[in-house]
Amino acid sequence: MFSSFKLIDPSKPGHRKTVELFLIDPENRIPSTTDIPPQQTHWTRDAALDAFMGDQMKVPLPVELVEMIVDNVDNGMTLEQSKAYREQLTDERAAFSGVPKAPSGPHHPSSTGLRRLSSDFQFRLVPEDIPASLADLCSAARQRSRGLITGFKLWSQAFHRTLSISHHLRLNMDLTQNSKRPENWKDAAPFPPANTATFAGQESLPKLPLPELDTTLSTLRRSLKALAWSDNEINEVEGKIREFEKEGGMGRTLHGRLTARRDDVNIKHWLEDFWDNTGYLKYRDSTAVSRAAYLIRAALLERRAYKQGTMLPEMNRKDPICMDTWRWMFDCCRIPGLEGADWSVTGAKPSDTGNEGHIIVLRRNRPWKMEVSKDGRLLGVAEIERQLKHIYENTADEGPDVGVLTSNNRDTWAKASSPRFSLFDYASLAAADRQNATNLEDIVTAAFVVCLDTARPANPLELSRLAFHGGVNGEMLGNRWWDKPAQIIVCDNAEAAYVGEHSVMDGTPSVTMLDRMLSAIKRPDFDHGNTENQIDTLAPPAQLEWKTTSSIQNAIASARTAAQENVGKQAMGMTSASYGRDAIKKFGFSPDAWAQMVIQLAYHRLVASTSPHKNGRRRDGGTYEAASTRGFLKGRTETVRVVTEESMAWCDSMDDSNTTEEERIRLFKVATKKQGEDAIKAVKAMGIDRHLFGLQNVLKPGEDVPELFKDPLFVRAKTWIVSTSAIFSPHFTRGYGWGQVVPNGFGVAYMTGFPDELKFTVTSLNDQPNAQFVEELVKAAEDLKRLFESQDNSLKSLM
């Protein structure tokens with residue numbers, strides 16, 4: 001196969017490098033390394049020793065038993081066998097090419113970096129000093145074959161243990177399998193380069209603290225009183241708390257387990273696994289061109305700044321906050337898991353600079369793959385506009401709305417069976433045709449998704465519903481990929497929106513990114529990034545065609561029916577108060593505390609007018625306010641329990657004709673002070689809900705659930721009938737929001753940063769009094785304004 005050669009200077013040692021390109025049958029899907037066992041027998045033995053005799057085994061197995069296991073695992077290859085395969089392969093290639101094979105010798109060692117026959121798997125190794133033309137050739141071959149492996153993932157059926165080489169070799173995740181969640185999937189997203197700005201503050205961040213059990217239970221007692229319907233309820237739950245907290249009680253045992261997790265040097269965040277799974281991943285329910293070009297360019301600049309480590313960390317006043325969730329902003333995707341829990345995968349590599357990659361553009365349900373760079377530089381605005389025009393001009397008809405599958409119940413999306421269609425799942429979509437598998441991998445690894453909608457929303461409410469669930473009737477559901485963490489929506493009338501997938505990040509990183517993007521676009525010195533003479537050299541975007549079988553088409557139809565039923569159940573309202581931050585601060589209050597009291601009064605009155613008890617205190621649950629704990633390593637959120645005895649007393653006073661205005665003001669000051677104190681505790685990770693959540697999650701199978709956790713008042717107090725949160729960007733003039741978290745509840749998104757208005761978005765199911773709640777918000781805001789206006793008429797000009 002190789003022609004003979006000689007050294008230029010035989011008196012000196014030398015070597016020859018070769019690049020070999022292996023072709024495969026394009027009709028056969030390339031197996032992933034998840035399916036390929038260890039190649040060399042000593043790998044199997046080393047893995048078995050580590051799995052069965054390592055420190056993680058409570059009772060390590062004797063080496064003799066491990067050797068017996070290894071002897072019965074038929075998945076390796078000895079050095080002699082590898083040489084035989086090498087000889088066989090060389091003979092076949094020599095016979096095919098007619099070139100005699102080169103002899104083995106000092107300059108022709110037999111390969112020990114072996115591979116089985118080409119139908120098994122393939123990999124590419126490109127030395128750094130290969131000429132650019134050869135490297136491009138390898139890259140083209142890799143793009144055609146989809147067979148890049150730059151690391152090794154070793155798998156053994158005997159003991160189901162995964163090993164990875166992570167120092168110089170990168171874990172290669174199978175981006176389309178959904179049968180089993182990788183144990184350490186969250187470690188896969190790479191960090192920015194070392195010693196750069198973005199993660200400069202990470203090492204100084206403290207670990208998330210664990211509150212003392214006595215402190216949590218003391219706070220819990222006060223919280224439960226505000227939601228109790230009778231003294232008998234208080235007495236019953238008090239007995240259960242005492243049983244839980246006593247020495248030797250279950251509370252002490254569970255808290256001890258959490259303490260052990262907190263102190264474990266191998267666990268960076270005692271809550272993270274519990275919160276990811278239960279909070280999100282085990283939840284199973286379900287001119288335009290120019291504007292789009294600017295948004296894409298701005299997002300790509302943010303992505304590049306992150307990957308190069310030049311992005312400055314987010315700050316809480318003077319202190320940096322945790323940037324860890326940024327690892328899951330770009331090049332990632334959520335995967336529907338077959339075992340009842342999802343996870344995310346990433347196509348990012350530690351070597352990325354942000355000047356490479358692609359995005360997915362959806363138009364009329366059809367995905368297009370658009371490369372984001374040319375010759376090592378990001379595309380400029382004019383170049384992106386040209387690419388988008390090509391997509392607009394070449395997408396005349398609707399494609400199969402495969403994207404609607406991602407809106408479905410998570411278990412159904414993972415795998416579903418019904419009388420209407422044969423067995424279908426996420427993996428089946430990939431297996432139905434090699435092109436589908438390629439499409440899925442391209443979508444999963446895309447930097448982000450851009451949805452070019454044909455919709456023309458006429459007002460902020462229509463735009464919000466378009467982002468929330470694909471339009472008033474879900475007409476754009478198929479023009480989404482809801483599993484992607486970042487989707488930019490641009491409509492035919494140039495209205496724009498953004499959708500974030502919540503499971504691996506909270507709202508604050510997305511708000512920061514969008515705020516930076518939109519501020520940059522407005523600046524005169526925005527980096528447009530191209531010159532006119534560069535435009536004609538671009539290859540057009542590639543349309544990704546879906547190959548749909550009758551089973552896939554039936555699955556899409558079923559998913560659309562389910563989605564439209566859900567959309568039809570949703571109600572949304574938007575409103576704003578006639579005053580904002582400036583007036584509230586003049587009154588001497590925190591805008592957040594003020595807005596929270598407006599919400600509490602509005603809901604108090606709603607309950608009083610709609611419940612059979614005609615009593616605002618007969619609530620079916622509490623109010624959740626999200627507080628960020630990103631001041632701690634891997635911190636996310638804690639709960640501020642806004643419903644307190646103090647807030648209830650003030651709400652009662654506002655509709656009590658026997659209460660004076662002076663007394664109402666006094667009670668309001670007490671209530672807002674309490675809300676502020678609780679918010680500060682939550683930001684410091686000293687709230688009670690994450691602690692209680694952790695205590696419940698360290699219960700072992702078969703252990704009796706403490707009576708406290710089953711108590712009706714305890715359950716009611718953590719049922720978030722009103723789920724609230726506040727973020728702000730001056731660019732969010734059209735509002736923002738999310739869905740309610742319980743069927744009989746409301747999601748209330750609010751913004752307090754505008755100087756002259758308070759904005760509210762309210763979501764619920766349409767069998768709830770959404771419109772009435774919106775009206776009550778306006779009335780409560782105005783009543784509160786009048787209460788303080790009467791004390792200082794000089795402030796009326798600010799209203």
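Guide: Gladly! Six strands make up an open sheet with mixed pairing, in the order 17-22-21-20-18-19. Strands here are DSSP runs of E with at least two residues, helices are runs of H or I with at least four, and both are numbered from the N terminus. At the edges are strand 17 (570–576) and strand 19, each of which pairs on one side only. From one strand to the next, the twist averages 25°, with axes taken as lines fitted to C-alpha atoms and angles running from 0 to 180 degrees between N-to-C directions.

A word on the source: this is a predicted model, in which local features need pLDDT of at least 70 and side-chain atom pairs count only at pLDDT 80 or more, while totals for chains, interfaces and linings use all residues. Residues are numbered from 1 along each chain as its sequence is written, and side-chain values use heavy atoms, with hydrogens and water left out.

Strand 17 pairs with strand 22 (residues 759–765) in the antiparallel sense, over seven bridges; two strands count as paired if DSSP finds at least two bridges between them. Within this pair, Q570 stands opposite L765 of strand 22.

Strand 19 covers residues 637–641 and includes R641. This arginine counts as buried because its relative accessible area is 10%, and buried means under 20% (exposed is over 50%, partly exposed in between, with a 1.4 Å probe and protein chains only). Setting aside neighbours within four places in sequence, R641 is in contact with residues including L220, T623, D678, I688, L692 and W720, where contact means heavy atoms within 4.5 Å. The side chains of R641 and S223 are joined by a polar contact of 2.9 Å, and a polar contact of 2.8 Å joins the side chains of R641 and D689. A polar contact is a pair of N or O atoms within 3.5 Å; within protein, one must be able to donate a hydrogen and the other to accept it, and residues adjacent in sequence count only if both atoms are side-chain atoms. To place R641 against the chain, take G687: the two are 46 residues apart in sequence, and their C-alpha atoms are 8.6 Å apart in space.
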